[in-house]
2 protein chains.
Amino acid sequence: MAAAADISFRALCEQQGIAVTHQREVLYEVMQSMHGHPSPEEIYAEVRQRIPTISLATVYKNIHLFVESGVLREVSLHHGTVRVEMASSDHHHVVCSRCKSITDIDEAELGLLPKHDRLPGGFLVERYAVDVIGLCAKCQQA
Amino acid sequence: MAAAADISFRALCEQQGIAVTHQREVLYEVMQSMHGHPSPEEIYAEVRQRIPTISLATVYKNIHLFVESGVLREVSLHHGTVRVEMASSDHHHVVCSRCKSITDIDEAELGLLPKHDRLPGGFLVERYAVDVIGLCAKCQQA
DNA sequence: CTAAATGCAAAGAGTTTGCACAAAT
DNA sequence: ATTTGTGCAAACTCTTTGCATTTAG
């Protein structure tokens, strides 16, 4: 459809070494048009309006591809299971985007950020959680 | 066992209006002794060494209770399903801990925080993700 | 033509729920 | 005595996988 968008999508696929399929193209367009933080099911519902025969599995597979290629990002990293910690000191997390390992970092080491108690719209702040996301030393060798 | 710890645990239960059970007490002690960011299964494995008959369901139920009472916190808020977004502008998230709604906030609105490209230990930073966690306007009326 | 992607259905992981029995208040 | 919690098993939700079929390069 939109030539520019199409060109950049093909370029993206080439760069990633993946095929340009109709499903992929529509998925990409739909995700660009969706605001917010959709779940796979929500994306599926949307894409289905244009490709009624698409499968949820294809949506999942392509979401993963797009996350790996950096087009999409997960709102919060999925560790497979819930992880809890004692609600103690002011620390934050360093998370490896590949192996999903979590280590702590003191707020002092991060450098302070200014904190609000309330946000416009009446949101009442309980706490700030900072994730430093990247690759741990081990995962850099791959 | 440790009198002081026991007293504070009983106080905690009273404050939360919940019963002081053996399972709860051991869970609490185990969680205090575990460093890191354990999953329910990991906590279960640990508690089982002291109460071999405890059930995973009980572990889950009590983890929820402890999270609600603020003793524990989830390392990253669990939205039930994966949520993705376009990897575009520098923005962060405002997340309601009750209804789990997510809204965006510009980095400029948060106030800049100093960013590192590398962390001691060789961690390579890709990005910073800040979650402002609290209660949205709607959830404050409950 | 051949390599990769899709769709389907089945399997898997993690988590929740209903209910009978047991323990706490 | 009454309420609350536990353990078990079944159910559920979300996600992944295997494989035959289809599509892209």
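Let's start with a turn. In chain B, strands S5 and S6 form a hairpin, with three residues between them. B:Gly121 sits in that turn and has a positive phi of about 105 degrees. Strands here are DSSP runs of E, at least two residues long, numbered from the N terminus.

Some ground rules. This is a predicted model, where local features need pLDDT of at least 70, side-chain atom pairs count only at pLDDT 80 or more, and totals for chains, interfaces and linings use all residues. Residues are numbered from 1 along each chain as its sequence is written, chains are lettered from A and ligands numbered from 1 in the order in which they are written, and side-chain values use heavy atoms, leaving out hydrogens and water.

S5 of chain B covers residues 118-119 and runs antiparallel to S6(B), joined by two bridges. Two strands pair if DSSP finds at least two bridges between them. B:Arg118 stands opposite B:Leu124 in S6(B).

S6(B) has another partner in chain B. Strand S3, residues 91-96, runs parallel to S6(B), with four bridges. There, B:Cys96 stands opposite B:Gly134.

Now cross to chain A. S6(A) pairs with S6(B), residues 123-135, in the antiparallel sense over eleven bridges. A:Leu135 faces B:Leu124 in that pairing. In S1(B), B:Leu72 is the bridge partner of A:Met86.

What does the whole interface look like? Chain A puts 67 residues into the contact and chain B puts in 66. Contact means heavy atoms within 4.5 Å. The buried area is about 5,700 Å², and carbon and sulfur atoms give 59% of that. Buried area is the accessible area (1.4 Å probe) that two parts lose on being put together, summed over both.

How many salt bridges cross the interface of chain A and chain B? Zero, by the rule: a side-chain nitrogen of Lys or Arg within 4 Å of a carboxyl oxygen of Asp or Glu. Polar contacts are another matter. The rule finds 29 residue pairs, both residues at pLDDT 80 or more. Such a contact is a pair of N or O atoms within 3.5 Å; within protein, one must be able to donate a hydrogen and the other to accept it, and residues adjacent in sequence count only if both atoms are side-chain atoms.

Last, which strand gives the most to chain A's side? S6, with 13 residues.
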